[in-house]
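Biologist: I would like to go through this model feature by feature. Please give the general idea each time, then the case at hand.

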Amino acid sequence: MKSSAIGLMFLLLLSCADDGGAPAMASAPPATEESAVALEIENLEAEGLTEVEPKPASSGQPTALELTTVRTGDIDTLVEARVIRVLTVYGPGRYYLDDGPQGTVVEIAKRLEKVVNEAYDTGLLKVYVVPIPVSRAQLFSALIEGRGDIVIAGTTITEARNARVDFTIPASKPISEILVTGPSAPIIEKLDDLAGKTLFLRPSSSYHSSALRLSRKLVERGLEPIAIEPLSELLEDEDVIEMVNAGLLPWTIVDDYKPLMWKGVFDDIAVRNDLVFREGARLGWALRQNSPELQRFLNTFLEDNRQGTLFGNILYNRYVRDFDWAENALRDEELARYLELADHFQRHGGQYGIDPNLLAAQGFQESKLRQEARSHAGAIGVMQLLKSTARDKNVNIPNIEQVDPNIEAGAKYMAFLRERYFSGEKIDPLDSSLLALAAYNAGPAKVRRMRRIAEERGYDPNRWFDNVEVIAAEIIGRETVQYVANIYKYYVAYVMIERQNALKESARESAGITN
């Protein structure tokens, strides 16, 4: 994520506000980036889109330029700069936006800030500890390059990672990497039963290396290897557990404590503590090598605040939230509907240049692929279109009460949104469609405005995840963010169905089996 001065300053304003209420505005602030932020928020408030009141330019907080400056060094350098940057990953429970930043990392940053300022007796010139969300693939590179100072993102301490960065003492109790299965999983009694089976895992995860290690051992014993397929780095463990719970994946590997965090939320998973890929692992906070004083300071902090302490246990209990978990797109009834409508999605997706799997995923999110679905607002069918939208000159598809024209109208409207508002050489085809999905849900005017604000704050206006998505969460709330996220998860599932069906048909043909 490229973060500009304005973008990170806004996050700082949200996350570091004093508990004593909103401060008074300076009477005549200078024309700085801080006052530009204040003006932008003032404009948003006038339109009823936010209730955030910024701190004045004279508040003494570090400027966003200080947040984005490449800086390395030990804790004395960070204290002198008056900002410690915590790299993390956007996701439920850890760091998310709900009337401002929330989550375990936000709480840890506040507590660490208090301890740092007490230890260094900073007085009015405080040191600020600021969470900065990035993609998981950027965590360690950003740390090493000096674009952040600590990584707090549930990372396992491994030998490979220790060669690049230093770690604190463990932030967790000993953990194991175990198999979690869902309602679509076949019977499995031992790890050997995974021979010849497929596991979808993020290549950057420690789970990936654990699965590779097991696969090699299976081959050495004359068994088939595990087929390890890459899973998008955009999906966090919580997303993958959710997908297993919903039947989108048969199984996955996770740290043993993570299913416990979601007990009572994901009720259709089986936690297989008897199927262990790695034992005795520990989570830790990462920091740049050759920072011994920072390492000592953080180790002392963790002794008093890590998992197992009162504060650590409170955090893990507090952030098991009631989010809008993905529905089971692949249970028998839903799968039958998907297969029944697949030709419609293929034909009209191809006709209008929309990925058929993405179109099907959108239909599932809108109506669970039910043509009989009707909303209180008058939206109709699989794609939940209003008659007025279907009649619009840019769509002009009649008879949306019937399933085929309904899907065609949805595809044509998506194509219109994408081509009119979200096309060009600088926009990746997938992001073009994701932005169009957001516009389908929230309206194109709002998404265009959010892209403009994203660019002003240093985010990439041509990327949805971790960029325009963040602005959407701040300004219009969770609904559109969850809408696009769910569709992306269903999209991944439908792509996997298509791939597995192709492999199955190929195998049948090779075996001489014909339909």
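Biologist: Which residues in H11 are buried?

Modeller: The model is predicted. An α-helix has 3.6 residues a turn, so residues three or four places apart point the same way. In H11 the buried residues are Leu294, Phe297, Leu298, Asn299, Phe301, Leu302 and Asn305.

Biologist: What span should the 14 residues of helix H11 have?

Modeller: At 1.5 Å a residue, helix H11 (residues 292-305) should span 20 Å, and its end C-alpha atoms are 20 Å apart, so the two values agree.

Biologist: Which residues have the most contacts inside the largest nonpolar core?

Modeller: In soluble globular proteins, nonpolar side chains tend to be buried together. Here the largest nonpolar core has 95 residues, and Phe345 and Trp464 have the most contacts inside it. Helix H20 (residues 478-510) gives the most to this core, with 10 residues. At least three residues come from each of domain 1 (175-281) and domain 2 (332-505).

Biologist: What does Phe345 touch?

Modeller: Leaving aside residues up to four places away in sequence, Phe345 touches Gly350, Pro356, Leu359, Ala360, Leu369, Val382, Met383 and Ile407. A second, separate core has 22 residues, including Val129, Ala171, Trp285 and Phe301.

Biologist: At what angle do helix H17 and helix H18 pack?

Modeller: Helix H17 (residues 429-442) and helix H18 (residues 444-456) pack at about 130 degrees, with their axes 7 Å apart. That angle makes H17 oblique to H18. On the H17 side, Leu435, Ala438, Ala439 and Ala442 make the contact; on the H18 side, Pro444, Lys446, Val447 and Arg451 do.

How values were computed. Residues are numbered from 1 along each chain as its sequence is written. This is a predicted model: local features need pLDDT of at least 70, side-chain atom pairs count only at pLDDT 80 or more; totals for chains, interfaces and linings use all residues. Side-chain values use heavy atoms; hydrogens and water are left out. A nonpolar core is a set of buried Ala, Val, Leu, Ile, Met, Phe, Trp, Tyr and Cys residues joined through side-chain atoms within 4.5 Å. Buried means under 20% relative accessible area, exposed over 50%, partly exposed in between (1.4 Å probe, protein chains only). Helices (H or I, at least four residues) and strands (E, at least two) are DSSP runs, numbered from the N terminus. Domain bounds come from an automatic or database domain assignment. Contact means heavy atoms within 4.5 Å. The expected span of a helix is 1.5 Å times one less than its number of residues. Axes are lines fitted to C-alpha atoms, for helices over the stretch in contact, and angles run from 0 to 180 degrees between N-to-C directions. Angles under 35 degrees count as roughly parallel, over 145 as roughly antiparallel, 65 to 115 as roughly perpendicular and the rest as oblique.
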